[in-house]
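Please load the model in your viewer and keep the selection panel handy. We will go from one stop to the next.

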Amino acid sequence: MRLEPIANPSRLRLIGLPALALALTVLIASLLALLAGANPFATLGLILKGAAGSKFALLETLNRATPLIFTGLAIAVAFRAKLWNIGAEAQLYAGAVVTVLLGTGALPLPAPLLLPVIALAAMLAGALLLLGPVLLKTRLGVDEVVTTLLFNFIMLYFVSMLLEGPMKDPMGMGWPKSAALVKEARLPRIVEGLRLHWGFGLALLSALAVWVMQTRTTLGYEIRAVGQNPEAARFAGIPVGRVLIKTALLSGGLAALAGFSEVAGLRGNLTLDLSPGFGYTGIIVAMLALLNPLGVVVAGIFVAGVFVGADSMSRAAGVPTYIADILLATSLLTMVLAIRLTRSKVHWR
Amino acid sequence: LDLFDILLTASFWVAVVRIASPLIFATMGELICERAGVLNLGIEGIMVIGAFTGWMTVYQGHDLWTGVLVAMLAGMGFGLVHAVLTVPFGLSQHVVGLGITLLATAASSFAYRIALPEVTSPPKIIPFQVWEIPALSKLPLIGPALFAQTPLTYLAFGTVIAVSIILFRTPLGLALRAAGENPSAVEAQGLSVTALRIGAVMIGSGLMAIGGAFLTMSAFSSFFFEMVNGRGWICIALVVFGGWKPGKAVLGTLLFAAFDALQIRLQQTPLGAAVPYQLFLMVPYVLSILALVLMSRRAEVPAALMVPYNKGER
């Protein structure tokens, strides 16, 4: 079997193959529902209804999409430069820790000043956390996949240590959780009375900013060049190491904003279950968006919808919520295959 | 001194070999994949699926060795998916590997919940028991560590010997290594790079799954969702640490396991009581990063690792 690139893929290929990937994913979900003893159509219907069937459901989906857009952007930025940042989970927690550190009364500033200061400090923490693995990569050639993955585990134990030690809420009845943020450090709701907070607005803004950076600036061009072919980029006079470091700072900062927005917007404090794997799910979001920052918004909302929908379906139909994770992992694999096949023809011998 | 007391007890060395055993299986599995040119980031999820399917098979009333076999086959199944996507289709080994890990982990959790919807505390099976080798297991200090272990540990060391012989003493091993170094040379010999790589990833994934099964069938007797807990990623670091050589990689796993066993014991000492326990739990991950840094300059990476091979393309 041999692959041959297609210069101008037909419209049928461009639309048909991804649609086929989606259909395959839905088929697998239906089989899983059957396996769990539920009616597949009812199950899919309940997922849809739970994700977008009411104003409450839709807002819940957008809320869940917020951290996913941030981690999705973090990964889209990094993967574009072929910098394999799998440590968004750790960077998210770094952002969350800084948010609690500065947001529980340490800085006596009014809200309009305090929030930007905290957000920037959180970004800095996430950026610095990714700087280590990237310097190891550029200086010593240590593979960043494994180091960033390992940092996720180290960070979780670190946060656990903080929450049972210096950051533990003395009023927390012994639970390992941080003190609550002061009112000035909370991100306000977008519409009073509805649960959606300004973290979502910040996520949209970040997506737009990343898109502008990627399409309208020299750095965006350099990142793409480094990702496509580092040797050629170096030959063209692009400082590859420095571009990778800038990419890392941006990527780590974006992932940290997920932690900032979850703590300051949604939870109001830090616990060890702040992220149910947003850092890893961000990889699916970024890949489904084909690493396009505006696509990340759409993919983030889609992925969040699958999770929120599956939660509500699970309560009603009894199919385990893990069906969402299977669905998303399957859609990731089928979609990357479909995209590959839109651009290349298979010769079977 | 505390430290010497610990190092001079036989039970410490028994623990070292026991902790190393699942890592040896998975490290050998990853090593085979990488030698053939494929980075298998599915390792973490494949260990989970091995832990789950092996345990489930025994829980359903089958015997332990059937469980090991089922775990291996499940791992090979996920390995096949990984291999088909990354080898003939040449998709990103990073993305596919992480996708396989997410898929295999989610599939285990889903199947566990379907099979046991009501349970609150994880049910137990009767795991592999210790096989004492007569006389040898009575040797001082290291006797019990090497000769009073469960059969899967002996199998782990047998696997290392088999992998070393096959990789370095047989034509198959030569072809496999060449697929990871210089694939066009393999093709020039009339062999199929695609077939070699798919085979290597499947066998490697089978071994990773047995490593996972060790956790539920030899180390603990229940299945927990978080039980693999990064061991797969650690094994990837151990392959690098071992310079892609089976013998050195095993020394790496034993060294790693010794540190791990040591930190568990240090937690019980006065020093351990004074330090937050999380610092001890970080040790394995920090060590893995250190191992990568130490070996970075000396590593001889297979030249075609992560480079997809497309026939007829120069």
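**Stop one: a pocket and its lining**

Select α5(B), which gives the most to the lining of the second largest pocket, with 6 residues; helices here are DSSP runs of H or I with at least four residues, numbered from the N terminus. This is a predicted model, where local features need pLDDT of at least 70 and side-chain atom pairs pLDDT 80 or more, while totals for chains, interfaces and linings use all residues. Residues are numbered from 1 along each chain as written, chains are lettered from A and ligands numbered from 1 in written order, and side-chain values use heavy atoms, without hydrogens or water.

The pocket's volume is about 1,500 Å³, the space filled by probe spheres set on grid points joined across faces, edges and corners. A pocket is an open set of points on a 1 Å grid over the protein atoms alone, where a 1.4 Å probe fits, with protein on both sides within 12 Å along at least five of seven lines; lining residues have an atom within 4 Å of a point.

Now pick Pro276(A), Gly277(A), Tyr280(A), Thr105(B) and Glu226(B), the closest to the pocket's centre among its 47 lining residues.

**Stop two: where the chains meet**

Show the contact (heavy atoms within 4.5 Å): 44 residues of chain B and 45 residues of chain A take part. Next, highlight Phe89(B), Val95(B) and Phe110(B), which supply 16% of the area that chain B buries against chain A, more than any other three residues. Buried area is the accessible area (1.4 Å probe) lost on putting two parts together, summed over both; for these chains it is about 4,100 Å², 81% of it on carbon and sulfur atoms.

Key. Helix = DSSP H or I, 4+ residues; strand = E, 2+ residues; numbered from the N terminus.
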